[in-house]
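Reader: Hi, I'm new to reading protein models. Can we go through this one together?
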Amino acid sequence: MSGKIVDDTRHEKVLSYMRLFLESPTCIEQLLGWGLLDIVDNCLRVNSDYRVSSVAIRFLGDCLAAPEQGRDAWLAINHGEQSILSWVIGNVDSQHALVRFACLYFIRQAATMADERFDALVESVDYQRFLLRRLLDSSYFVVIEACALLGSMFYRSGSMDPVLCELVEKLVGRSFDAQSTPRKMAVLATAVTLFGIREEPVRVYALEQYSQTRLQLYLFDDDRLIRDKALDVLELTLRFSSDRACLARVAESLGSRLTEHTANRKVYALVALRGLAAIVKEVPANLALCCPEALSQCLGIVHSALTILLHAHGICHQAPEPACAAEALAAIETEVLDLMGGSGAIANSVACEAARVVREYCRTNFCQNVFAVLEQLLENKAVQRNAQQLQLVLDAIIHLLRLAKQGSFSHLLVLPGIVANFAIQAPGLKLLFDLVLESVGDQSDVDSEQYRQFVQLLAQSVKARLADVEWEVRDTALEFVSAAATTLGWARARGLIASGGLLGDVVSALGDTEEYVRASGAQALVAVLGSADTRFRQQVACHSGLGSEQLGLLVSDSEAFVKRAALDLVYALGQHAVCGRVEGREWLHCLTYSKLYQMGDDPDFEVRVRCARILALLARWMHLMDIGSDDRAFVVELQPDALLLDMCTDPSRYVRRVCLDGLLGMKRAYEEAGGIEAALNGEERSGKWQTVERGGDGESFYGKLCDIDFARLESTLTAEHLYQEALDTQVEKEMMTETQDPNIGNNILDCY
């Protein structure tokens, strides 16, 4: 159950639409003037669908959260009979989770009022017991909302609420063995909530309630969800603790169960390693805990994790002395290494958790020795065969390189070699390319020998990945070329795309067997055309791989998203050609009247949008710009003006918008240039302005433009018009009948 559920019923659709008004500075005044509370009251009647009621209450909660005017809504709700508040009070324990969630949401938004009316509301529901019931609720989303309400009420008027403090102490005070799984989850969820409150007294209180001794029981619970939540709480305690002795206590508690030779020993080892990951992640960031001794222990933990990871693949690793400064941490390493001798499955799971420890440390700390070991692991065949371990090692390397680039660009010279590693698949390659874009974007001296060397090596690596057997990798490499052209600027991207010789590989991708690669290749060329200088644009336009036959095949592709990208490419080439920035007419000759006609009637509206854009470009070129006689004859055969006029009746408002903008722009251009009289008389004008006769009826193109009711066409493009049109539509009664089946009933507003 999502907190933003909107079912297919008329009331909920309308209320969902009304939420759009809440950003207006006068929204609450308008809504109250429209009788909002009466409408909501009708939604809460006994025979109302519980889904309608829940959405109505959530909408009122949104009204309370409206900036500046939320209090007006609160006062209106509290005025008179207060039937809405009575409904909330009476339904806080509803049998429907959706209603319980809505009541919690409303009360949480009302908590921002912080007045006697809110105090009366929460007192009427006995909020300590009420919150306890909701924290133990069977619905996960209700529990999350109950935690949010607890967080908004816990610290009020400069102090902690004693009633809620008593609630927390009741929760955590019960014997661990007597706690059910929902209660354990409520205890831990409450801890996360308290640590999320920014007031220092609350965090101190949370550290007192969730001591390491108490938390240890949850860390080694039989339920995996409980263990995961407890590890989240452990991270928070390390993040906000100011007691330097806590590090030793945490390490001792993590290793306490490893000496037990039971069936759960593997689970205990994984928990211990995840706990160590929390230490190396949070301790360096906590100024109260971050001291030379603590940092030394964190580095020792990382070397222990590397030892475990290397041991899993039969590689010896001599860690710097001391490997672990704390005896408890060294004991964990010993026990884990002993456990890994059992089976390959255990070794793999433990190795993955050890890699996570290293990754967390590398987020904020650079160590050359750690980087060297990770490079060694990246080249290891066993690691390369394990996708999870490979990704974790790669993540750690990327974090280290991101830290290293802040000091020196020389560390990044290893990036092209890593990009060329064929064991790294698309997700990892995407992260590497993101780092490349950051690094190149930060580089100021693009003329240095070091930078030129880096770009040349990178271009060769990208070329290699464009020939990868996996289409996802080829697609990712093309997306990188597109991003480089778009975000880096041509001064930086030139060395990679132009000097690096990538153009031919990108053009070759247009004929790839995989449709996603074809689309990405076209998009990459569009990006290059948008940022390149005139000389390189000319190289693109005249490339042998972009002949009319190849472009024609791409435009006629069976996949709609490939057609979209192909039409974007044709439009980009055409834009530069009609303005005289590039020569070559292959983009034009790939088009025929039948192709344009078919694309203008394509089932995919985005294809039709792009078709309309090309038609508008051709019509403007033909009527309003200098055009050679050969080009003119070819464009006349395409009949772009007639097709564009026909598309004004397209069912998609996005297509009609392109048509409107194109035709209205041409009409204004005629009028501003003083070509009206000649156009109306059907006279042929040389030079800049020209008109084309159609069918011998003597009517100029400008005359056709004058016949268009642009105001009416504009009025059909707004969302409000479509919404009102849907409300006014007469439909059969059977379509309006509500049923209990999901997604069956009043779907009249789905088009909105």
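Author: Let's start with a term. A salt bridge is a side-chain nitrogen of Lys or Arg within 4 Å of a carboxyl oxygen of Asp or Glu. Keep in mind that this is a predicted model.

Reader: Okay. How many salt bridges does that rule give?
Author: The count comes to 41 salt bridges.

Reader: Show me one. What do the side chains of Arg564 and Glu606 do?
Author: They meet in a salt bridge, at 3.8 Å from N to O. The pair links distant parts of the chain. Arg564 is in helix H33, residues 560-578. Glu606 is in helix H36, residues 605-624.

Reader: Which residues are joined with them into one network?
Author: Salt bridges with shared partners join Arg564, Asp568, Asp604, Glu606, Arg610 and Arg613.

Reader: What about Lys463, what does it pair with?
Author: Lys463 forms a salt bridge with Asp505. Their closest N and O atoms are 2.6 Å apart. Lys463 lies in helix H26 (residues 449-465) and Asp505 in helix H29 (residues 503-508), so the pair ties together parts 42 residues apart in sequence.

Reader: How accessible are Lys463 and Asp505?
Author: Lys463 has 24% relative accessibility, and Asp505 has 25%. Lys463 counts as partly exposed, and so does Asp505.

Reader: Which helix holds both Glu235 and Arg239?
Author: Helix H15, residues 224-240. Glu235 and Arg239 sit four residues apart, about one turn of the helix. Their side chains meet in a salt bridge, 4.0 Å from N to O. Arg239 is partly exposed, at 35%.

Reader: Why does four apart work in a helix?
Author: An α-helix has 3.6 residues a turn, so residues three or four places apart point the same way.

Reader: New topic. What's the overall picture? How many helices and strands?
Author: There are 44 helices and two strands. The protein has 752 residues, and 51% of them count as buried. Now take contacts between residues at least 6 apart in sequence. Of these, 69% join residues at least 24 apart.

Reader: Which residues of H11 are buried?
Author: Leu164, Cys165, Leu167, Val168, Leu171 and Val172. Seen down the axis, these buried residues fall within an arc of 155°, so they line one face of H11.

Reader: What's on the other side of H11?
Author: Pro162 and Gly173 are exposed there.

Reader: Last one. What do the buried residues of H11 pack against?
Author: Several elements, including helix H9 (127-135), H10 and strand S2 (159-160). Helices H12 (181-196), H13 (200-209) and H14 (212-219) are also among them.

Methods:
Residues are numbered from 1 along each chain as its sequence is written. This is a predicted model: local features need pLDDT of at least 70, side-chain atom pairs count only at pLDDT 80 or more; totals for chains, interfaces and linings use all residues. Side-chain values use heavy atoms; hydrogens and water are left out. Buried means under 20% relative accessible area, exposed over 50%, partly exposed in between (1.4 Å probe, protein chains only). Contact means heavy atoms within 4.5 Å. The arc is that of the directions from the helix axis to the C-beta atoms.
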